[in-house]
Amino acid sequence: MKRERNTNQKEMIKAEVQLHQGHLTGDQIYALVKEKMPGIGRATVFRNLKDLTEKGEIGYIPTVDGAGFFDYRKHNHYHFKCTKCNRLFDTNVPYNDSLDKVDSRFKIQNHVTLFYGICPECEKMENN
């Protein structure tokens, strides 16, 4: 019975990531799931997020200045983090596969590039 419950929890967590089609932190996902499953624990959500990420069912973008973000898009692509509102955005910069072959000493599987700056919405508010 416990196995089924975990499957339901994992599916709910994955569905929330896909439903929002954006970039959510683990805490944001926990809050969304908790609204629908009040008895779920934070550790359960984070354990399932880790499992979903390791299995390639959702993406994960680490950041150096805080919590990483989970992504419904699983393919390799680049991101931009606004230093004002802390939101994460997909960029239009094409993923450069050749960077995965820059050092033959290592078997590079992929790379992460994260751009930092001010998003158009925050820039507009700054200029008003």
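Of the contacts in the protein chain (heavy atoms within 4.5 Å) between residues at least 6 apart in sequence, 50% join residues at least 24 apart. The model is predicted, so that local features need pLDDT of at least 70 and side-chain atom pairs count only at pLDDT 80 or more, whereas totals for chains, interfaces and linings use all residues. Residues are numbered from 1 along each chain as its sequence is written, and side-chain values use heavy atoms, with hydrogens and water left out.

Q: What makes up the protein chain, in helices and strands?
A: The protein chain has 4 helices and 6 strands, in the order α-β-α-α-β-β-β-β-β-α from the N terminus. Helices are DSSP runs of H or I with at least four residues, and strands are runs of E with at least two, numbered from the N terminus.

Q: Why is helix 2 called oblique to helix 3?
A: The axes of helix 2 (residues 26-36) and helix 3 (residues 42-54) come within 10 Å and cross at roughly 120 degrees. Axes are lines fitted to C-alpha atoms, for helices over the stretch in contact, with angles from 0 to 180 degrees between N-to-C directions. Angles under 35 degrees count as roughly parallel, over 145 as roughly antiparallel, 65 to 115 as roughly perpendicular and the rest as oblique. The angle between helix 2 and helix 3 therefore makes them oblique.

Q: Which residues meet where helix 2 contacts helix 3?
A: Gly26, Asp27, Ile29, Tyr30 and Val33 of helix 2 meet Arg42, Val45, Phe46 and Leu49 of helix 3. By class, this contact of helix 2 with helix 3 has 6 nonpolar, 1 polar and 2 charged residues. Here Ala, Val, Leu, Ile, Met, Phe, Trp, Tyr, Cys and Pro count as nonpolar, Asp, Glu, Lys and Arg as charged, and the others, Gly among them, as polar.

Q: Why is the ring pair of Tyr78 and Phe115 given its class?
A: Rings of Phe, Tyr and Trp (its six-membered ring) pair if their centres lie within 6.5 Å; planes under 30 degrees apart count as stacked, over 60 as edge-to-face and the rest as tilted. The ring centres of Tyr78 and Phe115 are 6.3 Å apart and the planes stand at 85 degrees, so the pair is edge-to-face. Tyr78 lies in the loop between strand 3 (66-71) and strand 4 (79-82) and Phe115 in strand 6 (residues 114-117), so the pair ties together parts that are 37 residues apart in sequence. Ring pairs also link Tyr78, Tyr95 and Phe115 into a cluster.

Q: How do you know whether Tyr78 is buried or exposed?
A: Buried means under 20% relative accessible area, exposed over 50%, and partly exposed in between (1.4 Å probe, protein chains only). Tyr78 has a relative accessible area of 5% and is therefore buried.
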